[in-house]
Amino acid sequence: MSALQTVSSLIYLISAVCYVLGVHMMRSPKTARHGNGLSAVGMFLAVITIIVTIIVEGTIDSVGWIVLILGLALGILYGVVKARKVPMTDVPQLVSLFNAVGGGAAAVIGIFDYLLKGDGAALSLAFSLPVFLDVVIGGITFSGSLIATGKLSGKVPGKPITFPGARLLNIIVVIAILVSAWFMMASTTNVWYVILALAMSLIFGLLMTLPIGGADMPVVVSLLNAFTGLAVAFAGFVINNQVLIIAGALVGAAGTILTLQMADAMNRSVANILAGGFGTGDSDTSSAADAVPVDVKETSADDIGLQLAYAHNVMIVPGYGLAAAQAQHEVAELAKVLTDKGINVDYAIHPVAGRMPGHMNVLLADVNVPYEQMKQLDEANPMFENTDVSLVIGANDVTNPLARESGNEISGMPILDVDKSKSVVVIKRSMSTGYAGVQNPLFSMDNTQMFFSDAKKGLQDIVAATKQYLE
Amino acid sequence: MSEELFTNLAIFVLSLLVGFEVMSKIPATLQTPMMSGANAIHGVVVVGAFVIAAEANSWPFYILAFLGAFFAAVNVAGGYTVTDRMLGMFDRKPAAKQEEADHK
């Protein structure tokens, strides 16, 4: 080892330690931000090291510098501007986009090194196997994450997209990937082999993600995130760089555990999710076929305003519909109107409310909802008995009392005991079911009233009505 | 198997185990920021983008190097920024509260 290699290896080791400690610190709300900062310090050290290394080694030519600096500058500009400007409701699709380009970069590195060997060069398995894995996994995450981004942002329909022969096409694509693996590993280099591997893995990424419903996307994004980690680790094998191997494997493993925990919080299994065809995402937009049953009582903004104005304890139960309608400002305004008049307002936040586990907390924090008003499931449930009015906004399955009974799709899922409060008001666009596709008996209970409206518009009307009674 | 490959493989396997271990049960509140934070860490692929740019010597390779640098930079810069923004929302609240209490 030269002196440069020794020093750079040691600094890479320090940066790897920063990632591990950073992830460790991110498990607790108190230290999470510092954890992310520590991991960023590790990243900074690694980048400085590689800059010094390539300057000292001096193999890079002037065009190399130009494309490198141009690519980095444009990438940093785009990434930072996007990350700063994005509304908090759109964070999931942005994370998915960042994941896509990470996978893309890993695939590019594999392709580069494969082509650099020159046409017809003999390959060792120790080189060709990591290249193949890097390109294929990177390609799958690139196209798969782009589709996930599209589904989350509504550019690609959120409902599962299936077509006749999809299964057959899947099998053909998998076989083609295996054939490309055989060519890449068993013979000399040929540009077409790696193009075949890349093209087939891009198609596989599409086929894998398209049949999955919008509501399951967060779990898929998390899974693809773990995949990208592995692709980056294999890129580390290809260029023989250990910091890529360590960080990639760390994300691959940690991301897998996180995916399982997310699926668990949503009462779904990863295998079920990947089988697809379930979960329509924005199911509230579905057809007018969801007629209102006779036993459901409808109410008006004016009446809700009156109820709220005379309540002592109000519990707000925000759900996916609130995030989708971006109504977090309106809900915070309503809460402020009420608390200013001495009415107790709390938020009961289900772990999977919003578009991703934990996303609702982020959304509400963004509009300055006091931290102590956000009650997690365990805290909130005992409070419902003393709640005068529960205001359920765009939430469905997480309030469904059927979960306490056995023998249905949501049996055993932890729910908010909204039905125990004295009065329940549900703001929802229609009677359609949530993504579990189960009817919710809460809606036809004696003490429940329905207000059919978009969350944003409905809340604006309720705020106006409530003010009128409080003044 | 070469010594180099064995070393890399050992590092890979042990890092996987560290990844599994470090990720015990985390609160749902932190799952989205954690995913985003992990996403930023695989932005380390930017180191690889430097390595290939240093080896590029003709146009197809320059183009690949440019793509790699651009993709990786978006991942790493955007990833850390958005994670920090999300987490900043959590610790802003108690801090503001503390200040309020100090004034009283």
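Helix α2 of chain A is followed by A:Gly58, a residue with a positive phi near 70°. Helices here are DSSP runs (H or I, at least four residues) and strands are E runs of at least two, numbered from the N terminus. This is a predicted model, in which local features need pLDDT of at least 70 and side-chain atom pairs count only at pLDDT 80 or more, while totals for chains, interfaces and linings use all residues. Residues are numbered from 1 along each chain as its sequence is written, chains are lettered from A and ligands numbered from 1 in the order in which they are written, and side-chain values use heavy atoms, with hydrogens and water left out.

**Domains**

- Chain A divides into domain 1 (1-85), domain 2 (88-281) and domain 3 (287-470), with bounds from an automatic or database domain assignment.
- Taken over C-alpha atoms, the centres of domain 1 and domain 3 of chain A are 44 Å apart.

- Among the buried residues of α2(A) are A:Gly35, A:Met43, A:Ile50 and A:Ile54, where buried means under 20% relative accessible area, exposed over 50% and partly exposed in between (1.4 Å probe, protein chains only).
- Helix α1 (residues 3-25) of chain A packs against α2(A) at about 165°, with the axes 7 Å apart; axes are lines fitted to C-alpha atoms over the stretch in contact, and angles run from 0 to 180 degrees between N-to-C directions.
- The angle makes α1(A) roughly antiparallel to α2(A) (over 145 degrees; under 35 is roughly parallel, 65 to 115 roughly perpendicular and the rest oblique).

- A:Gln326 has a positive phi near 50° without being a glycine; A:Gln326 sits in the loop between α12 (320-324) and α13 (328-340) of chain A and is partly exposed, at 31% relative accessible area.
- A:Asn368, also not a glycine, has a positive phi of about 65°; A:Asn368 is in the loop between α14 (359-366) and β3 (374-376) of chain A and counts as exposed, at 53% relative accessibility.

**A:Leu72**

- A:Leu72 belongs to helix α3 (residues 62-85) of chain A and counts as buried, at 13% relative accessibility.
- From A:Leu72 to A:Val232 there are 160 residues in sequence and 18 Å in space, C-alpha to C-alpha.
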